[in-house]
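Hi,

Here is the structure I promised to pass on to you.

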Amino acid sequence: EMVAAGRLGEAEAGALLLDGAAWFLDTELGRFIRARAEDVHREVAFVWSVPPEQCDPAVVGQDHRDVVLVRGMVDLLLTTGNSLLILDYKTDRVEPSGCAERAETYRGQLDHYAAAMHGIWNWPVTQRPLVFLYARQIVDLGPIC
């Protein structure tokens, strides 16, 4: 339908992991999110400033106004009362046994996402699951903020 509507190209449609998405929607986390559809925010774009030494310890700002701007897009943000869940989908072709190790390579990205969402919403981030669609694994990086 999305290809016919011109919202998705043929190449992009061929790369979709529809089986993985169907698997996820039937997991405990997927059902939890579906049950709270009114609290789901998809593709949340943000710009967040961080001190330069947070990106590279060898770089020190000369002025309090020296910042690095981090631009990102949270795949899915779920507001749950007064806390946040940040979910990031991953399409890496990694085996299930390698997901925990691969998740660590994304920790910095999710740390920035969590800091930004916490700063915007002023609510703690209680869950940061990475959903590996190819491997059909969920790795939660845990709470932050």
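Predicted model: local features only at pLDDT ≥ 70, side-chain atom pairs only at ≥ 80, totals over all residues.

Let me begin with the rings. A pair of aromatic rings is described by the distance of the centres and the angle of the planes. The count of aromatic pairs here comes to four. One of them joins tryptophan 23 and phenylalanine 24, a tilted pair with 6.4 Å from centre to centre and 55° between the planes. Tryptophan 23 is partly exposed, because its relative accessibility of 22% is not under the 20% that buried requires. Phenylalanine 24, at 3% relative accessibility, counts as buried. Another pair is made by tryptophan 121 and tryptophan 123: their ring centres are 5.4 Å apart and their planes meet at 40°, so this pair is tilted. Both partners are partly exposed, tryptophan 121 at 30% relative accessibility and tryptophan 123 at 24%.

Trp23 and Phe24 also belong to one aromatic cluster, together with Tyr89.

Now to the surface. Val47, Val67 and Leu69 make up a nonpolar patch there, and their accessible area together is about 290 Å². Valine 47 lies in strand β1, which covers residues 40-50. With a relative accessible area of 52%, valine 47 counts as exposed, because the cut-off is over 50%.

Best wishes

Definitions and conventions
Residues numbered from 1 in each chain as written. Heavy atoms only, no water. Phe/Tyr/Trp six-rings, centres within 6.5 Å; stacked < 30°, edge-to-face > 60°. Buried < 20%, exposed > 50% of the residue type's maximum accessible area, 1.4 Å probe, protein only. Patch = residues over 30% accessible without salt bridge, like charges linked within 9 Å, V, L, I, M, F, W, Y side chains within 5 Å. Areas by Shrake-Rupley, 256 points an atom, 1.4 Å probe, with all protein chains shown as cover. Salt bridge = Lys/Arg side-chain N within 4 Å of Asp/Glu carboxyl O. Helix = DSSP H or I, 4+ residues; strand = E, 2+ residues; numbered from the N terminus.
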